[in-house]
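Morning, everyone. Please have a look at the chain on the screen before I start talking about it.

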Amino acid sequence: MVNNMSNNVVFHIDVNSAFLSWEASRRVTNGESDLREIPAVVGGNPKSRRGIVVAGSIPAKKHGIKTGEPMAMALQKCPGLVVVPADFDLYVRCSKAFKSICKEYTPAMESFSIDEVFLDMSGMDNIYPDLIATAYEIKNRIRDELGFTVNVGIGPNKLCAKMASDFEKPDKVHTLYPDEIESKMWPLPVGDLFTCGKSSAAKLVSHGIHTIGELAHTDIKELTALLGDKHGRHLLEFANGIDESIVTEEREDAKGYSAETTVDDDLDNIDSIKHMLLAQADVVSARLRADEAKCKCIGVTYRNLDFKTKSHQRSLLEPTDVTDIIYETACKLIDECWHGEPLRLIGLSLTDIDRDSFEQMSLIVDEKKERLKKLDTALDSIRTKFGNESVSRASVQNITQKINRKHKAESEIMK
Ligand SMILES: [Mg+2]
């Protein structure tokens, strides 16, 4: 069989409200009530009303609650909202578990984020003669074996698969084949098109372009004048279902460890950005420690509303797996490279991975680093032990202070 463009098939598999579902499925296993059926979010402390919404249930979204918005605003929209703390080690475990099921079906899987993968199913007709049935099989296996649901989108390329997985949720399989673009994608609001940010959508709407179909029929010159050459061309292609990017397999351990967060609302204050970097530092450093690895290079990435992505990175003198060092370095990097423009995506990456070298002994024993390492070990074991009662770094400042005080008291006793 000739593997040409016409029989390319891509699946996009997306966990429904991932962090919330993962917490919910763990609670259900313990005989507790299901957070997916009530307005609930993962995020900051509801008592202090601080922090941001990291993930929300479908009933919470019906109250207008959005990822990335301040907790105080979410509680205003829904006063009875259930707020649960983040548990990053749980997310890493669930992410690995669902990706390993997905990986059984094709050698070409791209991890797009912690809860999304693309599978290249092109030319697999001999193994899976009915690809829709295979999509249902993957979806149902994840639901039945792991206790949480996904949507599967099927299309001739990544864009169509991604758009299809975003149709009705949860626990659904949708297709977006070329002959379905007109009926399924063109009626959608232009802001629903993947990579069409809020400001691009506002510009398009103010020019009378309300739907993806209207965008698809807009003159290229008009679009590039409105959105810039690159972004204008890019959105016109996407609106017509054209996407030539390929599913790229990446071995995480070869490439490094990274986390990215896309937000629904523009991100323009440094506290929220650093809060996300802290959450990401927590996720990636837990993965690093789980693999007994260390990184020698830390980078931050952000994407502004014009879809421009910028990265800034720094090499360390010594490899590390310490969350606070990673977080502090990320904060320095973002302070150096971000100039205050609104963002849609923020990411943290750890590269130059060191797997088996012993940590170099500094001539001067770094007491602070030793203390931070102890804190990480303590937090990792608290999480392993207590699961959902476990703590996210953002919420452990009290514990940290207690440990520090205890440490101080112990040092004083030693004297
Ligand atoms: Mg998802």
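Which residues point one way from S1, and which point the other way? Val10, His12 and Asp14 take one side, and Phe11, Ile13 and Val15 take the other. Every residue in both of those sets is buried. Before I go on, note that this is a predicted model.

With six of its six residues buried, S1 is largely enclosed by the rest of the structure.

Now the neighbours of S1. It pairs with strand S7, residues 150-155, in the antiparallel sense, over six bridges. S1 also pairs with S6, again in the antiparallel sense, over five bridges.

Next, the metal. What coordinates the magnesium ion? The donors are Asp14 through OD, Val15 through O and Asp115 through OD, at 2.1 to 2.4 Å. Along the chain, these donors follow the spacing D-V-x99-D. Valine 15 lies in strand S1, residues 10-15, while aspartate 115 lies in the loop between strand S5 (109-113) and strand S6 (116-120), so the pair ties together parts that are 100 residues apart in sequence. Are valine 15 and aspartate 115 buried or exposed? Both are buried.

Now to another sheet on the screen. Three strands form an open sheet in the order S3-S2-S4, with mixed pairing. Strand S3 (53-56) and strand S4 (82-84) are at the edges and have a single partner strand each, so one side of each is left without a neighbour in the sheet. From one strand to the next, the twist averages 30°.

S2, residues 40-43, runs parallel to S4, and three bridges join them. Alanine 40 has valine 82 as its bridge partner in S4, and valine 42 has valine 84. S2 and S3 run antiparallel, also joined by three bridges.

S2 is covered on both faces. Ala40 and Val42 are buried on one side, and Val41 and Gly43 are buried on the other.

On to helices. Two packed helices are described by the angle between their axes and the distance between the axes. Helix H1 (residues 18-29) packs against helix H4 (residues 88-103) at an angle of about 95°, with the axes 10 Å apart. That makes H1 roughly perpendicular to H4. Which residues meet there? From H1 they are Phe19, Trp22, Glu23 and Arg26, and from H4 they are Leu90, Tyr91, Cys94, Ser95 and Phe98.

Last, the chain as a whole. It has 16 helices and 12 strands. Of its 415 residues, 50% count as buried. The chain exposes about 20,600 Å², and carbon and sulfur atoms supply 53% of that area. If we take contacts between residues at least 6 apart in sequence, 63% join residues at least 24 apart.

That is the end of my part.

Note on methods:
Residues numbered from 1 in each chain as written. Predicted model: local features only at pLDDT ≥ 70, side-chain atom pairs only at ≥ 80, totals over all residues. Heavy atoms only, no water. Donors = N, O, S within 2.8 Å, 3.2 Å for Na, K, Ca; no water. Helix = DSSP H or I, 4+ residues; strand = E, 2+ residues; numbered from the N terminus. Buried < 20%, exposed > 50% of the residue type's maximum accessible area, 1.4 Å probe, protein only. Pairing = 2+ DSSP bridges. Axes fitted to C-alpha atoms, helices over the stretch in contact; angles between N-to-C directions. Contact = heavy atoms within 4.5 Å. Areas by Shrake-Rupley, 256 points an atom, 1.4 Å probe, with all protein chains shown as cover. Parallel < 35°, antiparallel > 145°, perpendicular 65-115°, else oblique.
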